[in-house]
Amino acid sequence: MKIRSLRYILKESFKNAYRNRLMSLASISIISAALILFGVFYLILINLNHNLDLLYKTPQMQVNCLPELTDEQVEAVKTEIANNQYIESYEEVSKKEAFEKLKQYLDTEKKDLGGSDILEGYDESMMFVSFTVKVKDPQNSASVAKELESLAGVDNVRYSQKTIDFILQVSNWVKIVSFVLIGLLLIISLFIISNTIKLTVFARRKEINIMKYIGATDWFIRWPFVFEGVLMGFLGAVIAFVLVAYIYGFAQPRLSEQFSGGFEMVQFGGVWSTLILIYVGISALIGASGSVMSIRKHLHV
Amino acid sequence: MVEFIDVMKRYPNGTVALKGINLKINKGDFAFIVGTSGSGKSTLLKLLMKEETVTEGEVIVNGYQLSTLVPKQIPYLRRGMGMVFQDFRLLPNKTVYENVAFAMEITECLPREIRRQVPMSLALVGLSRKANAYPHQLSGGEQQRVAIARSLVNNPALLIADEPTGNLDPENSWEIVKLLSEVNQRGTTVIVATHEKSIVDAMKKRVIAIDKGKIIRDQQKGLYGDEDTEFKIYSEGKF
């Protein structure tokens, strides 16, 4: 294609889209609907992944000893932790401290159950010694946890794995559901776009026929229709992007407040460029393939 | 310029439209192809334009061997030939000027060339003053002249006209044929498919008569039908 044909091609594609404005509008709407859905799921996944990363990066780990351990045995566990090369630092939480903590927790959070009064008759001997351990490299969390768990006298080791597992499971489901839904919507938009182009092609079949006889190459005939498809896809993408940006901008501060502490939401500023790239890519691909599909038949002259 | 060598064409439904066609049209020739509808005349033209491909044999046009021509090359084959149809095939939403310029635009000519070439072509067919009119504002004869201007604008070596006077009254028909003859005198090879006896007879040019898929007569300075074939046609009750 030569540059001087570009003007002709662009002019034709705009004209075609305008002549067929109702169907063009339908195409644009369906593709923007698909892309909005895509954007929403994409942002959910981005946020889940972001929080997974945060959890991975928090190298805190709690090593709980058995309650019946003697002081010497606790001392042995402590030496093991101190000598572990993957551990940066550790802190011992004695039975007494743990008991105080529990009392404090009951007084502040569980007042309706009677607060710390329900511990009447119990003392710190019911508690167990624990160590709060900070791992040097979060990648080693799992192996360190396993190692510590195997020590004599250690009951269990807690770290963020459970939350991580939960988020992973949620994000897997989100992925499956979004793949199916988005896939369906993209296929529908492909067909609607190709149908719209088919109408244009049909309206101009005589012209195409004449062009073929005069000696126009197939690509010269095809380009305006391809541009028309890309144009519709692109407009759909712009609408979808603006809406998604608006919705996220509205929801993000409010949701962040709701989740305060537990779940951190990504700022839109950090993801918009990727989202735009994906949008432009998908919409151009769908627009172009939709039109190539629908013009094929009319080029055989 | 144009050569048919042992050409046979069978359509997918089994109809044999042409068989045993051997034909040579030299550069600068003017030839009529005559025959009734269904004689194979249209198929012959379709083979020339590579709208259809031969079943057997070979067609050579402008140095292109059409039996093995790949689809990608068809546009370039067609740029070397101008085509004129019975139904004019002008674009209704473009002016006369734009219709002619369109043929150059799609072959990606320079705007400068287009501005030079289109008025020349319109002048040749005598329509310079109607450049800004739309096809529906013109008479049939004028529309056909626009189509001829369009077919000539890229300076083709060969002009193919398929029943160019089929939709015109005798007076306009005569104008068109004179125009085609002028084009031929400027060096363009012209092939006209027609079944208008009066024109063929008056022109006294080469006549290639086709019937039932075969060339039954190929005559320099011929008439539409000599007495033998006319007798044959009458006796078969075709008229």
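**View 1. Residues 223-251 of chain A as a helical span.** Over residues 223-251 of chain A the chain is 100% helix and 0% strand, with the end C-alpha atoms 41 Å apart; helices (H or I, at least four residues) and strands (E, at least two) are DSSP runs, numbered from the N terminus. This is a predicted model, in which local features need pLDDT of at least 70 and side-chain atom pairs count only at pLDDT 80 or more, while totals for chains, interfaces and linings use all residues. Residues are numbered from 1 along each chain as its sequence is written, and chains are lettered from A and ligands numbered from 1 in the order in which they are written.

**View 2. Residues 176-202 of chain A and the annotated regions.** Residues 176-202 of chain A are likewise 100% helix and 0% strand, and their end C-alpha atoms lie 39 Å apart. The unreviewed UniProt entry annotates "transmembrane region" at residues 21-45, 176-202, 223-251 and 271-295 of chain A, and such annotations may be inferred rather than shown by experiment.

**View 3. The fold of chain A.** Chain A contains nine helices and four strands, which follow one another from the N terminus as α-α-β-α-β-α-β-α-β-α-α-α-α. Of the 301 residues in chain A, 30% are buried (20 or more other C-beta atoms within 10 Å of the residue's own, with C-beta atoms placed from the backbone).

**View 4. The side of chain B that touches chain A.** Here 14 residues of chain B are in contact with 14 residues of chain A (C-beta atoms, placed from the backbone, within 7 Å). On this side of chain B, α2 (74-79) and α3 (96-105) each supply at least two residues, and the largest share, four residues, comes from α2(B).

Terms used
Contact = placed C-beta atoms within 7 Å. Buried ≥ 20, exposed ≤ 12 C-beta atoms within 10 Å, placed from the backbone.
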